[in-house]
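Please look over the sequence and the structure shown below before reading on. The report that follows takes up salt bridges, the meeting of the chains, the nonpolar core and the confidence of the prediction.

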2 protein chains.
Amino acid sequence: MESMHSPAPDYSPVNRHEPKWSPQEKKIARRVFDQALQQELDEVVQKVKEMARDLKEPSEVWKIEAYLTGRRKSIDADYDYRYSQLPLLFGQLVSRGRIRVEDLQGLDEEKLGFVRFMTKNR
Amino acid sequence: MESMHSPAPDYSPVNRHEPKWSPQEKKIARRVFDQALQQELDEVVQKVKEMARDLKEPSEVWKIEAYLTGRRKSIDADYDYRYSQLPLLFGQLVSRGRIRVEDLQGLDEEKLGFVRFMTKNR
């Protein structure tokens, strides 16, 4: 996870290069973002329902709290809807198999190239 | 809750009076303490199962986390098994109807008197 936040071509602050997002691209980004986030939340809900159902010892209930706290922090950190951050997020989501590069069809070549660059060795 | 922690006869540090606990009293205290704590945990488990089952929106899952964090902190604060603190805890538990004074039968008159003192206006 940490390594995904390291500087990468064209998106590090040093380059001071901010790609533009067309209205059409923004629409695509919003849809992919929302769907992926919804999927994460659905998985958390599913997992919590299972954990609650399968509790063996009452004291294990705190494991549910720990799980939720961990997931909330990680989701909060990952799902950062700033246009400058979206290519990084999309690269991560492709790396994790949560979305495919094809879901991003319609973004310009610069953004898609960045996502491919992030994911090509995975 | 806060008011329960205010100084009370015989138990404030100023009095420097620490009642003795006989082995028999310690056994009673342990049993009452464990049963009350178990009951609290059972209620938390029950509530979490209901919350998980009744989730309407995925994002409501974080309410379960908030509920658990609140309960854990409050249970941690309340269930303090130091002999100096037990009469306070038992007084609280009687006040809340979680235990009855009769459950403490076998503690000496000083301790029972303190519990009754804490609970008489409730």
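## A charged pair at the surface

In this predicted model, Asp54(A) is partly exposed, with a relative accessible area of 41%, where buried means under 20% relative accessible area, exposed over 50% and partly exposed in between, computed with a 1.4 Å probe on protein chains only. Its partner Arg53(A) is exposed, at a relative accessible area of 57%, and the side chains of Asp54(A) and Arg53(A) meet in a salt bridge with an N to O distance of 3.4 Å. The term salt bridge stands here for a side-chain nitrogen of Lys or Arg within 4 Å of a carboxyl oxygen of Asp or Glu.

Residues are numbered from 1 along each chain as its sequence is written, while chains are lettered from A and ligands numbered from 1 in the order in which they are written. Local features need pLDDT of at least 70 and side-chain atom pairs count only at pLDDT 80 or more, whereas totals for chains, interfaces and linings use all residues, and side-chain values use heavy atoms, with hydrogens and water left out.

## Other salt bridges

Over all chains, a search of the whole structure finds 28 salt bridges. One of them joins Glu43(B) to Arg98(B), with the closest N and O atoms 2.9 Å apart. Because Glu43(B) lies in helix α1 of chain B and Arg98(B) in the loop between α3 and α4 of chain B, this pair ties together parts that are 55 residues apart in sequence; helices are DSSP runs of H or I with at least four residues, strands are runs of E with at least two, and both are numbered from the N terminus. Glu43(B) counts as partly exposed at 40% relative accessibility, whereas Arg98(B), at 19%, counts as buried.

In chain A, a network of salt bridges links Glu40(A), Glu43(A), Arg71(A), Asp78(A), Arg96(A) and Arg98(A).

## How the two chains meet

Chain A can be laid on chain B with an RMSD of 0.1 Å by a turn of 179 degrees and a shift of 0.0 Å along the axis, the copies being superposed by least squares on the C-alpha atoms of residues with pLDDT of at least 70 in both. That is the relation of a two-fold axis, and the C-alpha of chain A nearest to this axis is that of Glu65(A), 2.6 Å from it.

The contact, meaning heavy atoms within 4.5 Å, takes 21 residues from chain A and 21 residues from chain B. Since 100% of the interface residues of chain A are also interface residues in chain B, the copies meet through the same surface. About 1,800 Å² is buried between the chains, with carbon and sulfur atoms giving 75%; buried area is the accessible area (1.4 Å probe) that two parts lose on being put together, summed over both. Pro58(A), Trp62(A) and Glu65(A) supply 33% of the area that chain A buries against chain B, more than any other three residues. Across this interface the rule finds 2 salt bridges, and Glu65(A) forms a salt bridge with Arg72(B), the closest N and O atoms being 2.5 Å apart.

## The nonpolar core

The largest nonpolar core has 59 residues, and those with the most contacts inside it are Phe90(A) and Phe90(B). Such a core is a set of buried Ala, Val, Leu, Ile, Met, Phe, Trp, Tyr and Cys residues joined through side-chain atoms within 4.5 Å. Not counting residues up to four places away in sequence, Phe90(A) touches several residues, among them Trp21(A), Phe33(A) and Leu104(A).

## Confidence

Chain A has a mean pLDDT of 88, and 85% of its residues reach 70 or more, pLDDT being the predictor's confidence in each residue, from 0 to 100. For the complex, the predictor gives an ipTM of 0.76 and a pTM of 0.79.
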